[in-house]
Amino acid sequence: MTTWVDLESYQPVAVKMLQHSITRQRIAHAYLFHGPPGTGKQEASLLFAMRYFCEHIDESTAEPCHQCHSCKRIKSGNHPDLHWIEPDGQSIKKDQIEYLQKEFTYTGLESNQKVYVIMQAEKMTVNAANRLLKFLEEPSRETVAILITDHAGRMLDTIVSRCQRVQFHTLSNLHLYNQLVEKGLTESTASLFAAMKIDVDQAVKWNEDDWFAEARKIVIQLMDRVMNSNEEGYLYLHQVYLKHFKGRDALEFGLELLLIWFQDIVSFHLDKQGSIVLIDQKERLEQYHYVVSLSEAKTLIYEILNTKRKLAQNVHPTLAMEYLILQLQR
Ligand SMILES: [Zn+2]
């Protein structure tokens with residue numbers, strides 16, 4: 001589990017600001033944690049909540065004890081007064097905010113203190129946002145809202161203006177890589193997750209899930225087939241690839257891996273071997289960079305990004321992927 005000290009090593013400004021507001025007891029009703037993915041916004045929310053509910057508070061520090069019943073319940077994800085809201089499908093709906101507010105009204109008897117964290121807050125519908133606004137304006141309750149977003153620009157001004165903004169800055173890949181290796185990930189997995197800017201806690205979770213290791217293997221095998229023969233890639237897409245990458249998130253993840261594969265080819269062309277992400281595939285990639293020219297690699301990167309857009313626009317995934325494979329096979 002992350003501590004403020006860990007987080008401070010890569011987000012000094014955000015952490016100082018939060019520590020300050022905790023130790024001086026100037027906690028805002030609502031915070032907006034914004035910044036790119038993988039910059040510690042979720043970890044900061046957890047630490048904040050832990051300190052807020054901690055049973056053994058040391059007033060001189062913002063660090064929670066990490067040991068008490070409350071701290072442990074937050075760690076294991078079942079503290080009754082800490083609520084997480086995530087998009088239900090494509091958006092966060094009014095019902096979700098209403099449900100939360102009802103919950104607060106009925107269960108706030110023993111303790112008035114509640115923290116709720118809204119993930120991907122930019123996905124709130126206008127109705128949900130308006131509902132939340134009313135809630136934020138009620139001064140009676142001891143609630144703290146933490147809104148998390150990678151896209152602060154897409155939030156309603158009316159919401160943003162009521163939140164204390166805390167900006168999280170982009171991490172260097174190297175920093176994230178070192179953290180992941182420290183957490184016990186292999187160098188090749190750490191390199192991949194760092195390049196994808198995956199949060200440390202998320203990366204540790206994914207690392208224990210065989211799906212991700214398998215996904216990586218399948219993408220490499222797909223590219224072997226695409227590079228070596230004209231039809232095998234297409235067959236492999238149907239026989240293996242699409243069976244593994246099911247659903248939008250999985251397909252997007254697959255496309256991210258393909259992007260990294262081609263970016264590595266580009267790195268070879270530019271003589272930047274040091275920035276290769278798939279570090280255990282160096283020899284393979286070196287061979288393939290003789291097959292794919294720099295301009296071809298750039299065109300194919302464009303095609304992959306285009307496929308991502310198509311998926312976001314609900315083009316049928318099989319069609320979008322088939323088209324992409326045909327482009328890659330040229
Ligand atoms: Zn505690």
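Strand S1 (residues 30-34) and strand S5 (residues 164-167) run parallel, with 4 bridges between them. One contact to look for in this predicted model is Leu32, which sits opposite Arg165 in S5. S1 also pairs with strand S4 (residues 143-149): that pairing is parallel too, and 5 bridges hold the two together. Ala30, for instance, has Ala145 as its bridge partner in S4.

How many of the 5 residues of strand S1 are buried? The count is 5 of the 5, so the strand is largely enclosed by the rest of the structure. If you colour S1 by side, Ala30, Leu32 and His34 fall on one face, while Tyr31 and Phe33 fall on the other. Both faces are covered, with those residues all buried.

Now for the metal. The zinc ion takes its protein donors from four cysteines, Cys54, Cys65, Cys68 and Cys71, each through SG, at 2.3 to 2.4 Å. Along the chain, the spacing of these donor residues reads C-x10-C-x2-C-x2-C. What geometry do the 4 donor atoms give the site? It comes out tetrahedral, with angles running from 101 to 119 degrees.

| Residue | Relative accessible area | Class |
|---|---|---|
| Cys65 | 22% | partly exposed |
| Cys68 | 4% | buried |
| Cys71 | 0% | buried |

Why does Cys65 count as partly exposed, while Cys68 counts as buried? The cut-off for buried is under 20%, so Cys65 at 22% counts as partly exposed, and Cys68 at 4% counts as buried. Cys71, at 0%, is buried as well.

A disulfide is a covalent bond between the sulfur atoms of two cysteines. The structure holds 0 of them, and the SG atoms of Cys54, Cys65, Cys68 and Cys71 are instead listed as donors to the zinc ion.

Zooming out, the protein is split into domain 1, covering 4-171, and domain 2, covering 209-329. How far apart are the centres of domain 1 and domain 2? Taken over C-alpha atoms, the separation is 37 Å.

Methods:
Residues are numbered from 1 along each chain as its sequence is written. This is a predicted model: local features need pLDDT of at least 70, side-chain atom pairs count only at pLDDT 80 or more; totals for chains, interfaces and linings use all residues. Side-chain values use heavy atoms; hydrogens and water are left out. A disulfide is a pair of cysteine sulfur atoms within 2.5 Å. Buried means under 20% relative accessible area, exposed over 50%, partly exposed in between (1.4 Å probe, protein chains only). Domain bounds come from an automatic or database domain assignment. Donors are N, O and S atoms within 2.8 Å of the metal (3.2 Å for Na, K and Ca); water is not among the atoms, so sites may look incomplete. Four donors count as tetrahedral if all angles lie between 85 and 135 degrees; four count as square planar and six as octahedral if opposite donors are over 155 degrees apart and all others between 65 and 115; anything else is irregular. Two strands pair if DSSP finds at least two bridges between them.
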